[in-house]
Amino acid sequence: MADRILVLDAGTTSTRAMIFAPDGTMEAVAQEELTQHYPRPAWVEHDASEIWTKTLACARQVTGEAAGAIAAIGITNQRETVVAWDRHTGEPLARAIVWQDRRTAQFCADMKDYGHEAAVQQRTGLLLDPYFSGTKMRWMLDHDETVQAAAQNGALAFGTVESWLVYKLSGGAHLSDASNASRTQLLALDGAQFDEDLCELFGVPRAALPEVVDTHGSLATSEPEWLGRAIPICGLAGDQQAATIGQGCLGFGETKATYGTGAFVLTNMGQAIPRSDHRLLGTVLYQQNGIRTYAIEGSCFVAGSLVQYLRDQLGLIGSAAETEELARSIEDSGEVVIVPALAGLGAPHWKPDARGVISGLSFASGRAQIARAALEAMAHQTHDLASAFAADGAPWCRLNIDGGMSVNDWMAQDLANILDLPVERPDFVETTALGAAILAAVGCGLFATLDDAAPAMRGGTRCFAAKMAKDVREARLGRYSKALAAA
């Protein structure tokens with residue numbers, strides 16, 4: 001009996017393929033790094049062909065000769081990144097514009113000046129910011145002659161990364177799941193398909209967009225040439241929604257934070273469309289049979305990428321793992337504070353032109369102080385989000401964490417200390433991939449519901465309890481507030 005799930009996890013810095021058993025055990029994994037292109041300051045691009053070829057190579061590596069054991073494919077992906085391709089040839093028309101890219105900041109500022117933000121937020125749950133996909137599509141149409149020509153002759157296909165991979169795998173199915181579609185600013189939270197009025201506002205042709213489908217179910221089928229046989233694609237979700245499902249946050253008010261390239265917090269809000277008065281985002285968590293479950297979200301653009309910056313750009317560390325040892329080697333950061341606005345500030349500030357700040361430097365400041373301050377920045381950013389969530393009527397009673405940075409025990413304990421909350425980390429922290437596996441397992445019928453699949457496929461957890469004195473916490477947050485003002 002075919003009962004394994006093949007998960008394709010197309011992230012920002014790498015793409016992976018994994019095989020999951022029905023009990024949630026990861027049996028195989030293959031990973032390839034993705035080339036990051038920075039043609040100008042604040043511009044970030046990917047080669048869509050590279051995403052496809054490396055994802056396929058990883059899938060073939062883990063599948064091998066055992067394609068007959070695969071019941072379904074689940075796909076999760078970096079959200080908001082836009083791919084433009086020719087729907088006839090299946091070839092990319094330009095480099096993909098990555099979610100971190102800030103080139104449309106002025107376009108967003110102009111739309112705010114014209115008074116559009118309130119209406120856009122009311123319809124989509126999203127604020128006007130370069131982060132989202134709609135303005136990236138508009139930029140391609142305005143500045144790339146190849147994309148313009150494809151739009152004029154009806155050959156243009158736009159999609160986020162899961163849409164691109166499904167198109168390639170299936171040999172032409174052009175679709176996007178509701179969780180990813182809800183990040184484009186072109187889908188109303190209460191609308192079944194992309195919205196004509198929003199498309200007109202952003203200047204994006206509706207005909208170039210995919211069909212919006214459920215996050216799990218019988219969605220498409222891969223061509224036999226890719227993996228040796230046709231395999232149903234039964235789960236699709238943006239990475240943060242997938243991680244929320246992988247954490248088992250299926251009940252109202254349950255909250256997870258993923259610390260990967262960025263930091264993303266989602267709270268399950270049930271079937272009520274979320275409305276934020278404190279600059280958080282409303283988004284689709286998952287959709288089955290057209291019925292949506294929503295989440296409220298806070299997004300910080302820089303988390304693990306700050307550690308990568310310390311390693312690759314500044315040469316202060318040799319590996320990310322060194323940060324924990326360095327943090328433990330000193331009593332405190334010596335009042336060094338980092339505001340990691342290297343790609344602007346996300347929620348709840350939304351300052352796309354903000355830039356990173358290191359404050360409190362003295363002759364006593366060395367790489368240990370800077371490394372510790374980088375880890376402390378994760379707790380500071382998360383505390384900003386906790387305050388906004390509470391003000392929006394969604395206070396946290398516990399925070400479930402995951403992602404690559406969460407394996408750092410020092411950082412996990414610091415989060416608990418600054419939030420003054422229990423922080424829970426699963427033994428298997430790759431919950432984004434696990435969430436895609438859970439969706440696909442339900443979508444292909446291995447489990448009846450998400451409530452059945454999540455507890456069966458999740459493993460154990462470890463809890464970190466708050467231990468910091470109130471005055472120490474308040475002093476830390478005070479220094480961070482001053483540094484934030486400088487950013």
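**Surface patch, enclosed helix and open sheet**

Me: Is Tyr-309 buried, partly exposed or exposed?
Reply: In this predicted model, Tyr-309 is partly exposed, because its relative accessible area is 30%, which lies between the 20% limit for buried and the 50% limit for exposed.

Me: Where is Tyr-309 placed?
Reply: Tyr-309 belongs to helix α11, which covers residues 304-312.

Me: And which residues form a nonpolar surface patch with Tyr-309?
Reply: Leu-314 and Leu-342 do; together with Tyr-309 they have about 240 Å² of accessible area.

Me: Changing topic: why is helix α4 described as largely enclosed?
Reply: Helix α4 spans residues 133-143, and eight of its eleven residues are buried, so the rest of the structure largely encloses it. Among the buried ones are Lys-136, Met-137 and Trp-139.

Me: What covers those buried residues of α4?
Reply: The cover includes the helices α2 (105-113), α5 (145-152) and α8 (196-202), along with the strands β6 (83-86), β7 (96-97) and β8 (156-159).

Me: Now the sheet. In what order do the six strands come?
Reply: The order is β3-β2-β1-β5-β12-β11, in an open sheet with mixed pairing. Its edge strands are β3 (26-33) and β11 (216-221), each of which pairs on one side only. From one strand to the next, the twist averages 25°.

Me: How many bridges join β2 to β3?
Reply: Seven bridges join them, and the two strands run antiparallel. Ser-14 has Glu-33 in β3 as its bridge partner.

Me: Which strands does helix α15 touch?
Reply: Helix α15 (residues 431-443) packs on the sheet and touches β1, β2, β5, β11 and β12. Its direction makes about 135° with that of β1.

Methods: Residues are numbered from 1 along each chain as its sequence is written. This is a predicted model: local features need pLDDT of at least 70, side-chain atom pairs count only at pLDDT 80 or more; totals for chains, interfaces and linings use all residues. Side-chain values use heavy atoms; hydrogens and water are left out. Patches are made of residues with over 30% relative accessible area and no salt bridge: like charges are joined within 9 Å, nonpolar side chains (Val, Leu, Ile, Met, Phe, Trp, Tyr) within 5 Å. Accessible areas come from the Shrake-Rupley method with a 1.4 Å probe; for residues, only the protein chains shown count as cover. A salt bridge is a side-chain nitrogen of Lys or Arg within 4 Å of a carboxyl oxygen of Asp or Glu. Helices (H or I, at least four residues) and strands (E, at least two) are DSSP runs, numbered from the N terminus. Buried means under 20% relative accessible area, exposed over 50%, partly exposed in between (1.4 Å probe, protein chains only). Contact means heavy atoms within 4.5 Å. Two strands pair if DSSP finds at least two bridges between them. Axes are lines fitted to C-alpha atoms, for helices over the stretch in contact, and angles run from 0 to 180 degrees between N-to-C directions.
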